[in-house]
Protein chains: 2
Amino acid sequence: MYPRLVNPTKTFGANLRRLRQLRGFSQEKLAELSDLHRTYVGAVERGERNIALVNICNLASALKCDTAELLQGLDFSRTGKLHGRTGR
Amino acid sequence: MYPRLVNPTKTFGANLRRLRQLRGFSQEKLAELSDLHRTYVGAVERGERNIALVNICNLASALKCDTAELLQGLDFSRTGKLHGRTGR
């Protein structure tokens with residue numbers, strides 16, 4: 001098994017919050033645009049939910065961003081060096 | 001609500017299969033490296049599962065690829081034009 005990011009949900013949540021704020025959206029607005037519940041969006045931003053692919057795509061559509069932007073920092077680079085948060 | 005990809009799981013599955021084959025891995029090998037079950041990997045490749053973030057990261061680690069490569073074709077471009085498979 002290869003080394004893993006300890007906290008991908010936290011990294012994803014931080015990306016989501018940053019991109020949402022960049023668009024000037026409230027959590028309510030983003031929830032409405034992505035057809036998700038506001039409390040769910042909040043939980044994802046706090047890294048409390050292991051969000052699935054379809055909802056990742058829905059959020060990217062609502063934010064008009066690439067899914068890659070939401071997953072920034074979750075990459076295993078070609079050199080084998082792990083990026084993103086690796087501490088507990 | 002913004003337009004959505006109809007079949008993100010199919011697109012993801014096709015990417016996964018392509019990258020796995022590029023590495024010369026069998027489904028069994030990839031399953032072992034990513035600590036997932038072989039039948040689960042097969043179902044994801046067929047687009048039958050809405051895979052969640054942590055498992056996406058585990059697969060990217062096992063394949064030593066960027067998560068963005070697994071999500072290729074699932075992007076909503078900055079011009080608002082939808083990429084990827086949009087048909088049923």
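Predicted model: local features only at pLDDT ≥ 70, side-chain atom pairs only at ≥ 80, totals over all residues.
Among the contacts in chain A that join residues at least 6 apart in sequence, 63% link residues at least 24 apart.

## Exercise 1

Describe the secondary structure of chain A, and state what percentage of its residues are buried.

Solution. Begin with the count of elements: chain A has five helices and zero strands. Next read them in order from the N terminus, which gives the run α-α-α-α-α. Finally, turn to burial, where a residue counts as buried if 20 or more other C-beta atoms lie within 10 Å of its own; by that test, buried residues make up 40% of the 88 residues in chain A.

## Exercise 2

Determine how α2(A) and α4(A) are placed relative to each other, and which residues make the contact.

Solution. Two packed helices are described by the angle between their axes and the distance between the axes. For helix α2 (residues 27-34) of chain A and α4(A), the angle is about 110° and the axes are 8 Å apart. Angles of 65 to 115 degrees count as roughly perpendicular, and therefore α2(A) and α4(A) are roughly perpendicular to each other. The handedness of the crossing is right-handed. On the side of α2(A), the contact is formed by Leu30(A), Leu33(A) and Ser34(A), while α4(A) contributes Asn58(A), Leu59(A) and Ala62(A). Sorted by class, the residues of this contact are four nonpolar and two polar, with no charged residues.

## Exercise 3

Carry out the analysis for α2(B) and α4(B), giving the angle, the handedness and the contact residues.

Solution. The axes of α2(B) and α4(B) cross at roughly 110° and come within 8 Å. It follows from this angle that α2(B) and α4(B) are roughly perpendicular to each other, and their crossing is right-handed. The residues that make the contact are Leu30(B), Leu33(B) and Ser34(B) from α2(B), together with Asn58(B), Leu59(B) and Ala62(B) from α4(B). By class, the contact of α2(B) with α4(B) consists of four nonpolar and two polar residues, and no charged ones.

## Exercise 4

Explain why α4(B) is described as largely enclosed by the rest of the structure, and find what its buried residues pack against.

Solution. The reasoning starts from a count: 10 of the 11 residues of α4(B) are buried, so the helix is largely enclosed by the rest of the structure. The buried residues can then be named, and they are Leu53(B), Asn55(B), Ile56(B), Cys57(B), Asn58(B), Leu59(B), Ala60(B), Ser61(B), Ala62(B) and Leu63(B). As for their partners, these residues pack against α1 of chain A as well as α1, α2 and α5 (67-70) of chain B. Just after α4(B) comes Lys64(B), which takes a positive phi of about 50°.

## Exercise 5

## Exercise 6

Locate Asp35(A), Lys64(A) and Lys29(B), and explain why each counts as partly exposed.

- Asp35(A) is in the loop between α2 and α3 of chain A; it counts as partly exposed because it has 13 C-beta neighbours inside 10 Å, and its phi is positive, near 60°.
- Lys64(A) is in the loop between α4 and α5 (67-70) of chain A; it counts as partly exposed because it has 15 C-beta neighbours inside 10 Å, and its phi is positive, near 50°.
- Lys29(B) is in helix α2 (residues 27-34) of chain B; it counts as partly exposed because it has 15 C-beta neighbours inside 10 Å. Lys29(B) and Ala62(B) are 33 residues apart in sequence, and their C-alpha atoms are 9.5 Å apart in space.

How values were computed
Residues numbered from 1 in each chain as written. Chains lettered and ligands numbered in written order. Helix = DSSP H or I, 4+ residues; strand = E, 2+ residues; numbered from the N terminus. Buried ≥ 20, exposed ≤ 12 C-beta atoms within 10 Å, placed from the backbone. Axes fitted to C-alpha atoms, helices over the stretch in contact; angles between N-to-C directions. Parallel < 35°, antiparallel > 145°, perpendicular 65-115°, else oblique. Left-handed = near helix turned anticlockwise from the far one by under 90°. Contact = placed C-beta atoms within 7 Å. Nonpolar A, V, L, I, M, F, W, Y, C, P; charged D, E, K, R; others polar.
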